[in-house]
Amino acid sequence: MTNQPTGTSDGTIRWGILGTGFIAGLQAQDLNENGFTVQAVGSRSLDSSKAFAEQYGVATAHGSYEDLVADPLVDVVYIATPHPFHHANALLALNVGKHVLVEKSFTMNALEAQDIVDLAESKGLVALEAMWTRFLPHMIRLRAIIQEGTIGEVRKVVASHNQSLPKDPAHRLNDPALGGGALLDLGIYPISFAFDILGTPETIRASASMTATGVDRQTAAIFEYADGQQAIVDCELDAASANRAMVIGTDGWIDIEPTWYNPTPFTVHAVDGTIVERFDQPVTSRGMQYQAAELERLITEGTTAGTILTPGESVAVMAAMDEIRRQIGLSYAADSQPERTVPNVTAD
């Protein structure tokens, strides 16, 4: 069996947490429980920063993002703000020489993503998208099974991410000014999964239903590839589902149990339905420590890009979501940037 990541740290690389919201707390807890050093936290509110530091045992609380990234004891900054702010926050940290782990969606669009990637590359720094699912043990093993040819030629990927989330029109998820909608918050998971297994699609066909506030309530897309493969992905923010995923090949299929993007078992079936393998590895904590361990590995090895999720692929995923948004008529203020060249994914 393929060597599995440990998701642990020797604590020599020091982390700063930029933002004090829900996801920041989840990441800080996983870091603490697995040997990572959480050195500092920064918020626009010193009171919020101090409260977070007390709750998670963080040594230093800063009352601004600028103070956090300037902290000489911080090596890596985890960007935990809502995605409309990822671009500015990541550039702030990179410009003072800090590596960044940027929550997904990586940015609002591919232009912003390319900015981060270009700056990180120019400075020899790591800019890793916090698509934590990519680094989980079950995904490491799943890729190996596909590469070994166990299910033959992969023909189709199917993945859903549907949740029943707050209906309040003023909530971030329903507010276009804050990048609301199902696609960027939920759709990023199945879309990134499709890229992981099949790569960048040749064409995309998308459809959506919108909320009264003007963001996508539910979105579905078909990715089509040069050799005939397909990925069928969907997301919804006001209705829940089992959230399973499948990878279907000519000699069998892989069924990933709910919730597929969390640490979870999967079963490999032969084409006649018999079970070839069942993977069920317990994971300590929530599982967000694995993405942090990958970033530390890159720093330690002196490289800026691994193979599980490259900076270029993060840009390409954003380009695909740009194309989906174009087709469903969803735009954000960030889209008004000057036109530049980014990876192109065309409509059918």
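Biologist: In the hairpin of β8 and β9, which residue takes a positive phi?

Modeller: G214, with a phi near 95 degrees. The hairpin has 5 residues between the strands. Keep in mind that this is a predicted model, where local features need pLDDT of at least 70, side-chain atom pairs count only at pLDDT 80 or more, and totals for chains, interfaces and linings use all residues. Residues are numbered from 1 along each chain as its sequence is written, and side-chain values use heavy atoms, with hydrogens and water left out.

Biologist: What makes β8 and β9 a pair?

Modeller: Two strands pair if DSSP finds at least two bridges between them. Strands β8 (residues 203-210) and β9 (residues 216-224) have 8 bridges, in the antiparallel sense. So they count as paired. One of the bridges links S207 to A220 in β9. Strands themselves are DSSP runs of E, at least two residues; helices are runs of H or I, at least four, and both are numbered from the N terminus.

Biologist: How do you know that β2 and β3 pair?

Modeller: The same test applies. There are 3 bridges between β2 (residues 37-42) and β3, which run parallel. V41 has A61 in β3 as its bridge partner.

Biologist: Why are β3 and β6 called edge strands?

Modeller: The open sheet has 6 strands in the order β3-β2-β1-β4-β5-β6, with parallel pairing. β3 (60-62) and β6 (127-130) each pair on one side only.

Biologist: Why are α5 and α9 called roughly antiparallel?

Modeller: Helix α5 (residues 110-123) packs with α9 at about 170 degrees, their axes 8 Å apart. Axes are lines fitted to C-alpha atoms, for helices over the stretch in contact, and angles run from 0 to 180 degrees between N-to-C directions. Angles under 35 degrees count as roughly parallel, over 145 as roughly antiparallel, 65 to 115 as roughly perpendicular and the rest as oblique. Therefore α5 and α9 are roughly antiparallel.

Biologist: Which residues in α5 and α9 meet?

Modeller: A110, A113, Q114 and V117 in α5 meet P311, V315, M318, A319 and D322 in α9. Contact means heavy atoms within 4.5 Å.

Biologist: What makes α9 mostly covered?

Modeller: 14 of its 18 residues are buried. Buried means under 20% relative accessible area, exposed over 50%, partly exposed in between (1.4 Å probe, protein chains only).

Biologist: What span does α9 reach, and what is expected?

Modeller: α9 (residues 311-328) reaches 26 Å from its first C-alpha to its last, close to the 26 Å expected. The expected span is 1.5 Å times one less than the number of residues. Just after α9, G329 takes a positive phi of about 80 degrees.
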